[in-house]
Amino acid sequence: MIAPTKTLVKTLAEPQQLDSIDLHNSKRANFLQEVIEGLEDGILILSQTGEVVHANASAHRLCCQFNQGNFNQNFVPPVIWNLCESLLSSGYLFSDKLIILSDEIVLDKSNVFRVRVRLLDLDGFEVPCLLVTIENQYESLKSLAITEVRKFDLTPREAEIWFLYRSNYSYKEIATKLYITINTVKKHMKNIHTKRQACFVVE
């Protein structure tokens with residue numbers, strides 16, 4: 001079941017400006033297309049009526065997952081479109097500021113996504129579009145945990161436990177998942193914290 005949680009509204013006093021990029025230059029356009037397609041995060045560009053202007057490969061895959069296997073080219077999952085509608089209605093209240101709405105979609109413990117929506121005013125479009133980014137927080141945590149495993153020089157078993165701990169598993173859940181006792185989890189966590197503290201002292 002999809003459960004959206006914790007909507008966050010962020011306003012920026014001045015929109016951040018990127019250096020102007022000549023999208024008519026085919027080499028640059030192709031480069032940007034490759035960058036967008038290569039991103040692990042889902043990128044959706046939607047019209048204000050909910051039509052898909054562009055979706056990268058990750059967005060296609062994630063929308064299919066949110067819709068339980070069904071992805072029509074122009075169908076935006078309701079959990080994402082609700083956030084877009086909130087942004088559109090709040091945009092009139094804060095028309096002089098850039099607004100970013102953020103929400104969390106929880107499918108299960110291993111599938112937690114951060115969705116952010118903002119207005120995107122592009123040349124060539126009569127009205128602003130909606131830029132939707134979808135980040136798999138589990139994968140982001142996994143990458144962070146892998147970095148920490150190397151940094152703290154953890155053993156393979158400590159690495160397993162640390163990854164689950166960073167993924168918000170309780171000691172009891174870690175013990176159940178790895179078929180070990182809670183006391184063993186506590187012992188490993190004590191060793192991990194000792195290594196982390198030693199690492200911070202050296203820095």
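This note walks through the aromatic pairs and a few loop residues of a predicted model.

1. Ground rules. The model is predicted, so local features need pLDDT of at least 70 and side-chain atom pairs count only at pLDDT 80 or more, while totals for chains, interfaces and linings use all residues. Residues are numbered from 1 along each chain as its sequence is written, and side-chain values use heavy atoms, with hydrogens and water left out.

2. Aromatic pairs. How many aromatic pairs does the structure hold? There are three. Rings of Phe, Tyr and Trp (its six-membered ring) pair if their centres lie within 6.5 Å. Planes under 30 degrees apart count as stacked, over 60 as edge-to-face, and the rest as tilted.

3. Phe66 and Phe113. This pair is edge-to-face. The centres are 5.1 Å apart, and the planes stand at 80 degrees. Phe66 sits in helix α2 (residues 57-66) and Phe113 in strand β5 (residues 111-120), so the pair ties together parts 47 residues apart in sequence. Helices (H or I, at least four residues) and strands (E, at least two) are DSSP runs, numbered from the N terminus.

4. Buried or exposed? Buried means under 20% relative accessible area, exposed over 50%, and partly exposed in between (1.4 Å probe, protein chains only). Phe66 is buried at 4%. Phe113 is buried too, at 0%.

5. Tyr165 and Tyr171. Here the pair is tilted. The rings lie 6.3 Å centre to centre, with 55 degrees between the planes. Tyr165 is partly exposed, at 32% relative accessibility. Tyr171 is also partly exposed, at 27%.

6. Asp153. Look at the backbone here. Asp153 is not a glycine, yet its phi is positive, about 55 degrees. Asp153 lies in the loop between α4 (137-152) and α5 (156-166). Its relative accessible area is 62%, so Asp153 is exposed.

7. Asn168. This residue also has a positive phi, near 70 degrees, and is other than glycine. Where is Asn168 found? Its place is the loop between α5 and α6 (171-178). Asn168 is exposed, with a relative accessible area of 61%.

8. Ser167. Ser167 is in the loop between α5 and α6. Ser167 is buried, with a relative accessible area of 5%. Which residues does Ser167 touch, not counting those up to four places away in sequence? They are Lys109, Tyr138 and Leu141. Contact means heavy atoms within 4.5 Å.
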